[in-house]
Amino acid sequence: MELESTVMELIINAGESKSLAMQALQNAKKGEWAEVDSLLTQSTEASKRAHKVQTELIGMDEGEGKVPVNLIMVHAQDHIMTAMLARELIEELINLHRKIQ
């Protein structure tokens, strides 16, 4: 059960990071820069929490296959990677909005 909770924590934090970044982009479209900055900071913190959990999982595995790879684990890894990529791209879009406005 502990492994399932850890994996779900990774998914939740990665999802929160992506969601906050998307909210920041919506605010950037409106020129609400204080809110954008706040949301990006929150997104970064959620991303750090997700990455910490991922690092814990890697540590548990010790490169020896100790952590079972199942569909939820694959989903969690996919979730964190897409969240990280989305966040990076969203930051670039926000920077463009800043320049345009």
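Biologist: How many residues does helix α2 have, and how far does it reach from its first C-alpha to its last?

Modeller: Please bear in mind that the model is predicted. Helix α2 runs over residues 33-61, which gives it 29 residues. From its first C-alpha to its last it reaches 42 Å, close to the 42 Å expected at 1.5 Å a residue. Directly after α2 comes Glu-62, whose phi is positive, near 55 degrees.

The side of α2 that is hidden may be considered next. Its buried residues are Val-36, Leu-39, Leu-40, Ser-43, Ala-46, Ser-47, Ala-50, Val-53, Gln-54, Leu-57 and Asp-61. These buried residues pack against two other helices, α1 (2-29) and α3 (71-100).

Thr-6, when its neighbours within four places in sequence are left aside, is in contact with Val-53 and Leu-57. Thr-6 has its place in helix α1. With a relative accessible area of 11%, Thr-6 is buried, because the cut-off for that class is under 20%.

At 25% relative accessibility, Thr-44 counts as partly exposed, because its value lies between the 20% and 50% cut-offs. Thr-44 is 19 residues apart from Leu-25 in sequence, and their C-alpha atoms are 14 Å apart in space.

The helices against which α2 packs, α1 and α3, deserve a description of their own. Helix α1 has 28 residues and reaches 41 Å from its first C-alpha to its last, close to the 40 Å expected at 1.5 Å a residue. Just after α1, Gly-31 takes a positive phi of about 75 degrees.

Two packed helices are described by the angle between their axes and the distance between the axes. For α1 and α3, the axes come within 9 Å and cross at roughly 20 degrees. Angles under 35 degrees count as roughly parallel, so α1 is roughly parallel to α3. The crossing in which α1 passes α3 is left-handed. In the contact of α1 with α3, the residues divide into 20 nonpolar, 6 polar and 3 charged.

To return to the part in question, α2 is a helix of 29 residues whose buried residues pack against both α1 and α3.

Conventions. Residues numbered from 1 in each chain as written. Predicted model: local features only at pLDDT ≥ 70, side-chain atom pairs only at ≥ 80, totals over all residues. Heavy atoms only, no water. Helix = DSSP H or I, 4+ residues; strand = E, 2+ residues; numbered from the N terminus. Expected span 1.5 Å × (residues − 1). Buried < 20%, exposed > 50% of the residue type's maximum accessible area, 1.4 Å probe, protein only. Contact = heavy atoms within 4.5 Å. Axes fitted to C-alpha atoms, helices over the stretch in contact; angles between N-to-C directions. Parallel < 35°, antiparallel > 145°, perpendicular 65-115°, else oblique. Left-handed = near helix turned anticlockwise from the far one by under 90°. Nonpolar A, V, L, I, M, F, W, Y, C, P; charged D, E, K, R; others polar.
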